[in-house]
Amino acid sequence: MTDVADIWIYLSQGPLLWLTVTLIAYGIGDWAFRASGRKPIVNPVLLAVALLAVVLTVTGTSYQTYFEGAQFVHFMLGPATVALAVPLYTNLSLIRRSLLPMLAALVVGAGAAMVSAVVIARAAGVAPDTLLSLVPKSVTAPVAIGITEALGGQPSLTAVLVIVTGVTGAIIGTPIFNALRITDYRARGFAMGVASHGIGTARAFQVNETAGAFAGIGMGLNALLTALIAPLLAPWLVGAY
Amino acid sequence: MIQHLTILLAFQLLGEAISRAAGLPLPGPVLGMALLFLALLGVPRLAAIASTAQGLLAHLSLLFVPAGVGVVGQLDRLGNDGVGLALAILGSTAIAIIAGVYTFLAVARVLDR
């Protein structure tokens, strides 16, 4: 009979184990989300990440080993982003009628995200060189990292801030809209996509298809806008102090 | 399903190639999304991929889990600035959401008039 430890060593070397565990952790997170009556605070991403962090720590598994399995899930982010074109297309007439509101909300939302983040962080005593890495935090991760590199910040810090922003938006978005009694799913989705990129978009899709489509546009447009204006705005924002 | 996935990957590949070749500030998949959108306008038959696209998008949250796990190990990077950065993210995300949603509604209301 093979020792349990041998089986563990065998399994932990291949991608199967961590791919499966990732799906199970998400399954548990999603189950808890549904069981709670879809409460935003019971965020399936946050739960799955917390569960996996505990499992990796307890089993002494490095992130590198984990990612060899999880990369297959991670890879699907690319085709899923491309797939956002489909809800864009099916909501075309609605989107066509909302072009101006979207552009206005894009500029105001993206500007508010960058300026308020730097102002609050600075008031809370965050070091100036860290502020640069905070500027693009509302933008989808690959673009945000590129922006931070261009600004001279720390890309790995930006990656953390981007994910935390996404989860934050996914948790606080729906309660904010409900408290403000905003029922227009175009506006709700778009604001989510601009403020909290893909994770906010994923959350918007859970609430409503139209919201998801508009969130996807918000995410895409903000990636473009922030990439263009952050290099102009950031030195001024951070240097203003 | 395989056909649909092939279409999605082909547009991602196209997006990556163009973005890299032209040095655009957009990541390949975002450009791929824009290209697929244009292709759908020209070739409505492509909309057959809707079932696969919806399947992927329904579980978009799952796809962020591996990156999220990576972030947990990096949390010590926040160092002494952790509390300040957390406040900044919480505050600015709420402000951006509220500013964005009200701007959208205000402009939509003016146009409807």
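**A walk through the model**

Visitor: Which residues is A:F190 in contact with, leaving aside its neighbours within four places in sequence?
Guide: A:F190 is in contact with A:M102, A:A105, A:F214, A:A215, A:I217, A:G218, B:G100 and B:F104. Contact means that the C-beta atoms, placed from the backbone, lie within 7 Å.

Visitor: What am I looking at, and how are things numbered?
Guide: This is a predicted model, where local features need pLDDT of at least 70, side-chain atom pairs count only at pLDDT 80 or more, and totals for chains, interfaces and linings use all residues. Residues count from 1 along each chain as its sequence is written, while chains are lettered from A and ligands numbered from 1 in the order in which they are written.

Visitor: What are the model's ipTM and pTM scores?
Guide: ipTM is 0.90 and pTM is 0.87. Chain B averages a pLDDT of 90 (the predictor's confidence in each residue, from 0 to 100). In chain B, 100% of the residues score at least 70.

Visitor: How many helices and strands does chain A have?
Guide: Chain A has 13 helices and zero strands. Both are DSSP runs numbered from the N terminus: helices are H or I with at least four residues, strands are E with at least two.

Visitor: What box do the C-alpha atoms of chain A fill?
Guide: Roughly 70 × 40 × 30 Å, along the principal axes.

Visitor: What share of chain A is buried?
Guide: 54% of its 241 residues. Buried means 20 or more other C-beta atoms within 10 Å of a residue's own, exposed means 12 or fewer, and partly exposed is in between, with C-beta atoms placed from the backbone.

Visitor: Back to A:F190. Which residues have the most contacts inside the largest nonpolar core?
Guide: A:F190 is one of them, with A:A83, A:A85, A:A191 and B:V65. The core has 114 residues. A nonpolar core is a set of buried Ala, Val, Leu, Ile, Met, Phe, Trp, Tyr and Cys residues joined through C-beta atoms within 7 Å.

Visitor: Which helix gives the most to this core?
Guide: Helix 13 of chain A, residues 209-239, with 13 residues.

Visitor: And A:Y185, buried or exposed?
Guide: A:Y185 is buried, because 20 other C-beta atoms lie within 10 Å. A:Y185 sits in helix 12 of chain A, residues 185-207. Beyond its neighbours within four places in sequence, A:Y185 is in contact with A:N208, A:T210 and A:A211. The C-alpha atoms of A:Y185 and A:E209 are 8.7 Å apart.

Visitor: New topic. How many residues of chain B are in contact with chain A?
Guide: 65 residues of chain B, with 93 residues of chain A. Helix 5 of chain B gives the most to chain B's side, 24 residues. That side divides into 50 nonpolar, 13 polar and two charged residues.

Visitor: What does helix 10 of chain A pack against?
Guide: Its buried residues pack against helix 9, helix 11 and helix 13 of chain A, together with helix 4 of chain B. Among those buried residues are A:V143, A:I147 and A:L151. Just after helix 10, A:G152 takes a positive phi of about 90°.

Notes. Two residues are in contact if their C-beta atoms, placed from the backbone, lie within 7 Å. Ala, Val, Leu, Ile, Met, Phe, Trp, Tyr, Cys and Pro count as nonpolar, Asp, Glu, Lys and Arg as charged, and the others, Gly among them, as polar.
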